[in-house]
Amino acid sequence: MYRLAGVLRRGALLYHHPVPLRNSAMGKWPPMARHFSYEATVTGIWQSLSQSTPVAYVQHGMIELHDFSGLPWWTTIVIATIGLRTFVTLPLAIYQNKIVARLELISLEMPELIKELKAETAYAIKKFNWTETEARIMYNRSLKKQWNNLIVRENCHPAKTMVLLWGQIPLWIVQSVAIRNLVSMMPDPTAIEAQIAYTELTLGGFGWIPNLIELDHSLILPVALGVINLVIIEIQANSRTKLPSKLQTIFTNLFRGLSIVMVPIAASVPSCLCLYWVTSSAYGLGQNLLLLSPRFRRTVGIPAVTSELAHPYQHLLQTFSDRFSRFGARSKV
């Protein structure tokens, strides 16, 4: 009886977990087919994001803000965006500018250190009979050590110059997914709260977009998004006092292209999501202009550096004016 039961269990396992038959002609097992579904992968990533804890906090926070304030949903989205960027990205932008300024200041100390290291290396070549290769290795090692000592002294590791992206991109993704959740009644479409928020979004628009679930068929918001992003890129490019490196030029052109690509993307999403993107970019424009002000930079503790523009707004106005004049002259020709 027990032996028969064991046979039956093994038979059940073989039934539920079939083993491919061996190819008797080739003497090999047939290859197992692996199926990859792009749509399933994208859906899985989207569900993971939409059900994540940060998205849930932002989504419920916007709902609570809307219910507590009694404001329409378009105003709620704008206020939530301004609040999150003020408490998250603005401090990170200030800190990043401090790091960049400190790196520029310690770079001014390097010429004197390089001069001393060259003198010490020349002395060591004569005293210890170093070869040219040995001298170059020791010189580079000492130079790197001196640079690292300055970085530690000022606590300004170059990796920290990317801190704004580390905070801004995740915030942009999280709030975008949270707003998309409101439109899709995610993560639980049967919840009363989700259904109420969806209904209120259809009535909480403004002006030419009374329904925030629909697309902006006028293309006002998508075009505004592209223009604002292009202005931000041009401000950053024209506020430099040094000639851009090849890598900086490549990234500037890349971001210009992305700004244009974002216009059709923004035109294909619900207007409430496009409104968030426009508000976030408009805040970024104001943030960039604010951080150009020498008075504001001193107020928040950003050190003065030689690359800083004394009159940044006049400089930008003159730069854009000259560019438009050249463009007008070319168009007439």
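A residue counts as buried under 20% relative accessible area, as exposed over 50%, and as partly exposed in between. Keep that scale in mind as you visit these close-ups of a predicted model.

**View 1. Arg 153 and Glu 109 meet in a salt bridge.** Start with Arg 153, which is partly exposed because its relative accessible area is 47%, a value between the two limits of 20% and 50%. Its side chain joins that of Glu 109, with N and O 2.6 Å apart. Arg 153 belongs to helix H6 (residues 132–154), while Glu 109 sits in the loop between helix H4 (73–107) and helix H5 (110–128), so this pair ties together parts that are 44 residues apart in sequence. Glu 109 is partly exposed too, with a relative accessible area of 32%. Look also for Glu 154, which is linked with Glu 109 and Arg 153 in a network of salt bridges.

**View 2. Glu 234 forms salt bridges with Arg 256 and with Arg 323.** In the pair with Arg 256, the closest N and O atoms are 2.7 Å apart. That pair links distant parts of the chain, with Glu 234 in helix H9 and Arg 256 in helix H10, 22 residues apart. In the pair with Arg 323, the closest N and O atoms are again 2.7 Å apart. Here Glu 234 lies in helix H9 and Arg 323 in helix H13 (residues 312–332), so the bridge ties together parts that are 89 residues apart in sequence. Is Glu 234 buried or exposed? At 12% relative accessibility, Glu 234 counts as buried. Arg 256 is partly exposed at 27%, and Arg 323 is partly exposed at 34%.

**View 3. Ser 239 sits in the loop between helix H9 (220–238) and helix H10 (246–267).** This serine is buried, with a relative accessible area of 17%. Which backbone oxygen does the side chain of Ser 239 reach at 2.9 Å? It is the one of Ile 235. A polar atom of the Ser 239 side chain also lies 3.1 Å from the backbone oxygen of Gln 236. Setting aside neighbours within four places in sequence, Ser 239 is in contact with Leu 292, Leu 309 and Leu 316.

**View 4. A nonpolar patch lies on the surface.** Its members are Ile 45, Leu 49, Met 162, Leu 165, Trp 166, Ile 169, Trp 172 and Ile 173, and together they have about 740 Å² of accessible area. Helix H2 (38–50) and helix H7 (163–184) are the elements that give two or more residues to the patch. Helix H7 gives the most, with five residues.

**View 5. An unreviewed UniProt entry annotates residues 71–95 and 258–278 as "transmembrane region".** Follow the chain over residues 71–95: it is 92% helix and 0% strand, and its end C-alpha atoms are 33 Å apart. Now turn to residues 258–278, where the chain is 86% helix and 0% strand. What is the distance between the end C-alpha atoms of residues 258–278? They are 15 Å apart.

Terms used
Residues are numbered from 1 along each chain as its sequence is written. This is a predicted model: local features need pLDDT of at least 70, side-chain atom pairs count only at pLDDT 80 or more; totals for chains, interfaces and linings use all residues. Side-chain values use heavy atoms; hydrogens and water are left out. Patches are made of residues with over 30% relative accessible area and no salt bridge: like charges are joined within 9 Å, nonpolar side chains (Val, Leu, Ile, Met, Phe, Trp, Tyr) within 5 Å. Accessible areas come from the Shrake-Rupley method with a 1.4 Å probe; for residues, only the protein chains shown count as cover. A salt bridge is a side-chain nitrogen of Lys or Arg within 4 Å of a carboxyl oxygen of Asp or Glu. Helices (H or I, at least four residues) and strands (E, at least two) are DSSP runs, numbered from the N terminus. Buried means under 20% relative accessible area, exposed over 50%, partly exposed in between (1.4 Å probe, protein chains only). A polar contact is a pair of N or O atoms within 3.5 Å; within protein, one must be able to donate a hydrogen and the other to accept it, and residues adjacent in sequence count only if both atoms are side-chain atoms. Contact means heavy atoms within 4.5 Å. UniProt positions are given in the numbering used here, feature names are shortened, and annotations may be inferred rather than shown by experiment.
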